[in-house]
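Hello,

Here is the structure I promised to pass on to you. Please have a look at it first, and then read on for what turned up in it.

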Amino acid sequence: VVAVGECGLDYHWPVPKDAQLALFEAEIRLALELDKPIIVHDRQAHADVYALLKKYRPKGIVHCYSGSAEDALWLAERYKTGKDNMYSIFGGACTFKGAKRAAKAIAALPLDAIVLETDCPYMAPEPVRGTRCDSSLIRYVGEYIAQLKGISAEEVFRTTAENARQVYGL
């Protein structure tokens, strides 16, 4: 076991908010007790997710990051304490033409605060959007981030792989 999660808050679905908050708080406490990173799911619940992260300060990642550039920087800077960082993870959805918030967050973040994901089987990246997503498609995400940042894809893959090794203790 290398992490606790995926866990968090999803206000898109009709699940009672109080129950979600209680479970997420318990999962954060478990991650802290086990000294494991937490993989955070945040859908339409930014304020409540950030309030709990601020309260407990777990290390980990925010999967399928969908917040603002300002919040991404807050997560990256607030947690910059050696190996106990909070990373933002970007998958295929960041490559979508309408993903302006993700593009702004990627541009604002230092590369050492980013990890890549595929979020299989959903959210295949452009140019294969609408197909079943799998790990072979992560190259499109890395290439997109490289283009946004004006750096080589190799640098993106090398740095984000090291970030993933660091957060998971591998």
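This is a predicted model: local features need pLDDT of at least 70, side-chain atom pairs count only at pLDDT 80 or more; totals for chains, interfaces and linings use all residues.

**The sheet, strand by strand**

How do the strands line up in the whole sheet? The order is E1-E2-E3-E4-E5, in an open sheet of five strands with parallel pairing. E1 and strand E5 (114-116) are the edge strands, each pairing on one side only. On average, and ignoring direction, neighbouring strands of this sheet are turned by 30° against each other. Helix H2 packs on the sheet, where it touches E1, E2, E3 and E4, and the direction of H2 makes about 155° with that of E2.

**How the chain connects the strands**

E1, H1 and E2 form a β-α-β unit that is right-handed. E2, H2 and E3 form a right-handed β-α-β unit too.

**Helices that pack together**

As a word of background, a pair of packed helices is described by the angle between their axes and the distance between those axes.

Let me start with H1 and H2, the helices of those two units. Helix H1 covers residues 17-34 and helix H2 covers residues 46-56; they pack at an angle of about 30°, and their axes are 11 Å apart. Because of that angle, H1 counts as roughly parallel to H2. The crossing in which H1 passes H2 is right-handed. On the H1 side the contact is made by Lys17, Leu21, Phe24, Glu25, Ile28, Arg29 and Leu32, and on the H2 side by Asp48, Val49, Leu52, Lys55 and Tyr56. What kinds of residue make up this contact of H1 with H2? Seven are nonpolar, five are charged and none is polar.

The next pair is H4 and H5. The axes of helix H4 (residues 100-108) and H5 come within 9 Å and cross at roughly 65°. That angle is why H4 is described as roughly perpendicular to H5. This crossing of H4 and H5 is right-handed. Ala103, Ile106 and Ala107 of H4 meet Tyr144, Ile145, Leu148 and Lys149 of H5. By class, the contact of H4 with H5 holds six nonpolar residues, one charged residue and no polar ones.

Helix H5 (residues 138-149) packs with helix H6 (residues 153-168) at an angle of about 115°, with the axes 8 Å apart. So H5 is roughly perpendicular to H6. The crossing of H5 and H6 is right-handed. H5 brings Ile138, Arg139, Gly142, Glu143, Ile145 and Ala146 to the contact, where they meet Ala153, Val156 and Phe157 of H6. The contact of H5 with H6 is made up of six nonpolar, one polar and two charged residues. Do pick out Ile145 when you get there: this residue of H5 meets H4 and also meets H6.

**A few backbone details**

Finally, here are some spots along the backbone. Where are the cis peptide bonds to look at? One runs from Gly5 to Glu6, with omega near 5°, and Glu6 lies in strand E1. Another joins Cys120 and Pro121, with omega about 0°; Pro121 sits in the loop between E5 and H5.

Arg57 is also worth a click. Its phi is near 55°, a positive value in a residue other than glycine. You will find Arg57 in the loop between H2 and E3.

Enjoy looking around, and do write back with any questions.

Best wishes

How values were computed
Residues are numbered from 1 along each chain as its sequence is written. Side-chain values use heavy atoms; hydrogens and water are left out. Axes are lines fitted to C-alpha atoms, for helices over the stretch in contact, and angles run from 0 to 180 degrees between N-to-C directions. Helices (H or I, at least four residues) and strands (E, at least two) are DSSP runs, numbered from the N terminus. Angles under 35 degrees count as roughly parallel, over 145 as roughly antiparallel, 65 to 115 as roughly perpendicular and the rest as oblique. A crossing is left-handed if the near helix is turned anticlockwise from the far one by less than a right angle, and right-handed if clockwise. Contact means heavy atoms within 4.5 Å. Ala, Val, Leu, Ile, Met, Phe, Trp, Tyr, Cys and Pro count as nonpolar, Asp, Glu, Lys and Arg as charged, and the others, Gly among them, as polar. A crossover is right-handed if, with the strands pointing away from the viewer, the path from the first strand over the helix to the second runs clockwise. Two strands pair if DSSP finds at least two bridges between them.
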